[in-house]
Amino acid sequence: MQRFQLVQGVVLSWLLVAGIAVPGVPTANAAAPAAKPPTVSTGSVALVSASSAMLKGSLNPHGAETSCYFQYGPTAAYGFQTAPATAGATPGEVKVTKLIAGLQSGTVYHYRLVATNAIGTTVGQDATFTTKKIPLTFKAAAAPNPVVFGNSFSISGTLSGTNSANHAVVLQANPFPYSTGFTTVGPPKLTDTTGAFAFPVANLQQNTKFRVTTLGVPAIKSAVLTELVAVRVSLHVRATGRHGYVRFYGRVAPAQIGALVGFQLLRHGHPPLNVAGAAVKRASSGTSSFSRIVRVRRAGLYRAFVQVKSLRQASGSSRALRIR
């Protein structure tokens, strides 16, 4: 038996030296598999949001050390790529994923997987996905609020979300007693490149609710803003001939018959101090007046504050006058 094994080994060695293939035994000069570029397949996309997405793909390095990356962009020319990542040198399939961010909402993006090794580079097929849209939302404010009767103010803000730039918006108003519903005031305006807008409003005469809305269906509306209209109050001071006494007088527009006027001393860091009061009386069809002789015990800034009873306008005050 040992002699047979020895003879068998000698014959096998002779065959291998001669280059004759023996099933199950590699020959000494058998050629290794030829290296080749990686095989690449662009995969699907997941976790798509308004600004990011997870790209997928697979590749086969074919036993050679391989790196890979994704190309992506708004056209088939791409323009962006992820940082290269190693895929190893395995002879089988390798799964690849990469999260990309900083994308524009509501936009079609092209992408593909690219792999390279010492033999060559292979690009995967082009694929596309669309980022989600950001819903349009308004942020608006009115200034000044309240506005003095007959004066101008502005409603301004921004429209945010996908396609908010150069978007047509309109201003709608619903005046006191707020029973007529909202109607459009003036022509539409286009937001600027940042989505900003502004609507100047002139000669507002009564408390009014406003909102800004987009055109089209469905319309996107801002929150309702209530712009208050403070009565216009003028205040004058005249000497009376009596030491320490002055006459406060003035007018209120629109007419506020029966409203109370408080003559107030303004104090830094403290609420105004009421020193006297009077009732508003009729002066003309559109205005009312007040007058009162008041003893002034302290020098300082004084104003007239009119407490309005009607809900059509808001209470208002005059400019401050200095009494020495």
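The answer below starts at the core and then moves to other regions.

Analyst: This is a predicted model, in which local features need pLDDT of at least 70, side-chain atom pairs count only at pLDDT 80 or more, and totals for chains, interfaces and linings use all residues. Residues are numbered from 1 along each chain as its sequence is written, and side-chain values use heavy atoms, with hydrogens and water left out.

Start with the largest nonpolar core. A nonpolar core is a set of buried Ala, Val, Leu, Ile, Met, Phe, Trp, Tyr and Cys residues joined through side-chain atoms within 4.5 Å. Buried means under 20% relative accessible area, exposed means over 50%, and partly exposed lies in between, with a 1.4 Å probe and protein chains only. The largest core has 22 residues. Leu 235, Phe 248, Val 261, Phe 263, Phe 290, Ala 304 and Val 306 touch the most other members. At least two residues of this core come from each of strand 19 (232-239), strand 20 (245-253), strand 21, strand 22, strand 24 (288-295), strand 25 and strand 27 (321-323). Strands here are DSSP runs of E, at least two residues long, numbered from the N terminus; helices are runs of H or I, at least four residues.

Now zoom in on Ala 304. Contact means heavy atoms within 4.5 Å. Leaving aside neighbours within four places in sequence, Ala 304 is in contact with Val 233, Leu 235, Val 261, Gly 262, Phe 263, Phe 290, Gly 316, Ser 317 and Ser 318.

Strand 21 (residues 260-267) has two partners to follow. Two strands pair if DSSP finds at least two bridges between them. Strand 21 pairs with strand 22 (residues 270-279) in the antiparallel sense, over seven bridges. Arg 267 stands opposite His 270 in strand 22. The two strands form a hairpin with two residues between them. In that turn, Gly 269 has a positive phi of about 80°. Strand 21 also pairs with strand 25 (residues 300-307), again antiparallel, over six bridges. There, Val 261 has Val 306 in strand 25 as its bridge partner.

Rings come next. Rings of Phe, Tyr and Trp (its six-membered ring) pair if their centres lie within 6.5 Å; planes under 30 degrees apart count as stacked, over 60 as edge-to-face and the rest as tilted. One aromatic cluster is formed by Phe 248, Phe 263, Phe 290 and Tyr 302. Arg 238 lies over the face of Tyr 249, 4.9 Å from the ring centre. A charge counts as over a ring if NZ of Lys or CZ of Arg is within 6 Å of the ring centre and within 35 degrees of the ring normal. Arg 211 likewise lies over the face of Phe 182, at 4.2 Å from the ring centre.

A search of the whole structure finds ten aromatic pairs. One of them joins Phe 138 and Phe 197 edge-to-face, at 5.8 Å centre to centre and 85° between the planes. This pair links distant parts of the chain: Phe 138 is in strand 10 (residues 137-143) and Phe 197 in strand 15 (residues 196-201), 59 residues apart. Phe 138 has 16% relative accessibility, so it counts as buried. Phe 197 is buried too, at 6%. Phe 153 and Phe 210 form an edge-to-face pair as well, at 5.7 Å centre to centre and 65° between the planes. Phe 153 lies in strand 12 (residues 153-160) and Phe 210 in strand 16, so this pair ties together parts that are 57 residues apart in sequence. Phe 153 is buried at 4% relative accessibility. Phe 210 is buried at 2%.

Strand 16 leads on to strand 13. Six of the eight residues of strand 13 (residues 168-175) are buried, so this strand is largely enclosed by the rest of the structure. Seven bridges join strand 13 to strand 16 (residues 208-214), and the two run antiparallel. Leu 171 stands opposite Val 212 in strand 16. Strand 13 is also joined to strand 14 (residues 183-190), antiparallel, by five bridges. In strand 14, Lys 189 is the bridge partner of Val 169.
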